[in-house]
Amino acid sequence: MVRLAYGGDYNPEQWPEEVWHEDVALMREAGVTMVSVGIFSWAMIEPREGEYDFERLDRIVDLLHENGIRVDLATPTVVPPAWFYRAHPEALPVSREGVRWEFGSRGAICHNAPAYHEAAARVTRALGERYGRHPAVAMWHVHNEYGVPVLECYCETSAAAFRRWLRERYTTLDALNAAWGTAFWGQTYHDWEEIRPPRLTPTVCNPAQRLDHRRFAGDSALANFRRERDILHELSPGVPVTTNFMVSPTQCDTIDYWAWAREVDIVTNDHYLVAEEDRNHVNLSMAADLTRSVAGGAPWLLLEHSTSGVNWQPRGIAKRPGEMARNSLAHVARGSEGAMFFQWRASRFGAEKFHSAMVPHAGTDSRVWREVVELGSHLGALEEIRGSRTVADVAVAWDWQSWWAQQLEWRPSEDLDTRERAEAWYAALFDRHLTADFVHPETDPSRLAEYPLLVVPALYLTTKAAGENLRAYVEGGGTLVVSYFSGIVDEHDAVHAGPHPGALRDVLGLTVEEFQPLRAGRRVTIESADGATLEGDVWAETVVTRGAETVWTYADGPAAGGPAVTRRRLGEGTAWYVSTRLDRDGLDTVLAAACADAGLAPRDDLPRDVEVVRRSGESGTWLFAFNHTDADAKVPVEGPGVELLGGERVTGHLAVPAGGVRVVRLDARTA
């Protein structure tokens, strides 16, 4: 990226051409540097099979180029035209219940349909040949938000593809039967053709089969991305190719982004606030940290977010004055090389006509437009941060496949919630003013050793390799904190041999004799040796220490008298285990002790919901400060610097007004 990216999805096909010229004039006024074009344009550029009409798109791309606006050009393969489905109705996906979805929305695709493969490759090649060397094209944008609204297809074409995928994965039926545990309930297969997708069954379907089908569906979509990417690499050499992720666990749970991030030239992400949450800035920070982490710490790009309310949430709550800038720059602080929106101009028709935009229905005489112009100016003042990286303090282990496995039926309690625990532990770290990287649990221990503290909020599926990694991390001097119902099963959803917590019992120095899920609404009290008490709900366990020490004990409930929170010294490090669902105060208490083990000093000089993040690179270090409260705040600054959004010199303390954002370039000698 030459400049920080600022702009949004641009859909000029919805407007007469005279509006286009107004648009580019407003883009220049707002400081727009790039727009995404053509995401939903397949029916426009290929009105009939094999017949292309690029006249309108040519004029749009040329107009943007003439005005100095770069183009993120999309392959429109998320919405094949009506003529395609009329000719190939078999390319429409089938639900697990056997219902074939219809054309009329978006993303209604069987990713295993040969007709779709051919048509998508054909339109991608036509676009690559036409625009592959156009000077306006700064990036290629394949498809749109893979994984939503539907990823898994249960049609016969997908069934055949699933069998081929299983043959490649397991080679023999004996290996498949062993992995799936088909001896249970008499499900043993003797011929590959006997295997079907995990369609609706009278009672619970084989969980290992369900898990593999989720993996297969992701691989099928990824193969389609690779096909389009490779065509564009051939025809548009040197131009990065991406697809927009939806990394936040509140928005997409169908894609393993650790795998997908290896396939894109730059990681991009779409993020939308959970508007009704009082502290939705915490979810935003978590999504940005997770996106940066799947990018391997490298700069990434926020490709979509909203200027204000969105219409697909239960309530399209508008952002407060200044909130759009805080949201945008918080992503930038955590690694994004800009801030893009959906969309440039609000639509007058269609499903998202009440979705906010950079140019709202109210026009340019509006608060939103004035904030859009101001944000463009702010991003222009931050050009110097390009290429720098966010500085993290701690790490959090996260695995989408473990989340998938825990979501399946018949777990010990319906209250077990992977996402809830990840968000709760992340919020506890956020409240201690610690910036977090996310790591895959099989990350090499030498990489994990960079972090003094590693939190494992929920890792139901834990491979043997992951367990060995975490043990090596602790032995090497790391501080590990593990939450309940982790380490339980392997990659096939089979319980590890021996007592729980399976792959983690050695590093934690304990066994779990029995799960003790709590009745709805019940709570347990845990107490320390000095009489301090904390409360938990949802879950308890009968824990037997085998090398670990008991730090907190169950005072009541089904595990009364037994260990609730334990600590084990192992090698040069420490491993903590928390066997109940603690609330915010309880999590903070445990984290305080773990941080002390890790040598992480408390940040008592920062108020709650005043967020401070650093980016650092060869050209300098920058401190971003966000005040999410209604009161003015002061943030300590180590040495002098320059506040880039206002230009004033800063020494000692930085004043951050209520709802405000400040960015300080620290002097080299103090950074």
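For the charge count, Lys and Arg are taken as positive and Asp and Glu as negative, with His and the chain ends left out, and each charge is placed at NZ of Lys, CZ of Arg, CG of Asp or CD of Glu. On that basis the protein carries 67 positive and 96 negative side chains, and the centres of the two sets sit 1 Å apart. The model is a predicted one, where local features need pLDDT of at least 70 and side-chain atom pairs count only at pLDDT 80 or more, while totals for chains, interfaces and linings use all residues. Residues are numbered from 1 along each chain as its sequence is written, and side-chain values use heavy atoms, leaving out hydrogens and water.

As for the overall build, the protein has 18 helices and 29 strands (DSSP runs numbered from the N terminus: H or I of at least four residues for helices, E of at least two for strands). The C-alpha trace spans about 75 × 75 × 40 Å along its principal axes. Its radius of gyration is 26 Å, in agreement with the value near 26 Å for a compact globule of 671 residues (taken over C-alpha atoms, with the rule being 2.2 Å times the number of residues to the power 0.38).

L453 belongs to strand β13, residues 453-456, and counts as buried because its relative accessibility is 0%. Its C-alpha atom lies 4.8 Å from that of T479, 26 residues away along the chain. Beyond its neighbours within four places in sequence, L453 touches T479 too, along with others including V394, L429, Y473 and L591. H143 sits in the loop between β4 (137-142) and α6 (156-170), and at 3% relative accessibility it is also buried. Outside four places in sequence, its contacts include H111, Y116, E228 and N244.

L173, L176, N177, A179 and W180 are buried; they lie on the same side of α7, because they cover an arc of only 165° around the axis (judged by the directions from the helix axis to the C-beta atoms). Exposed D174 and A178 are on the face turned away from that side. The cover over the buried residues includes α6 and α8 (207-235). After α7 comes G181, with a positive phi near 60°.

Key. Buried < 20%, exposed > 50% of the residue type's maximum accessible area, 1.4 Å probe, protein only. Contact = heavy atoms within 4.5 Å.
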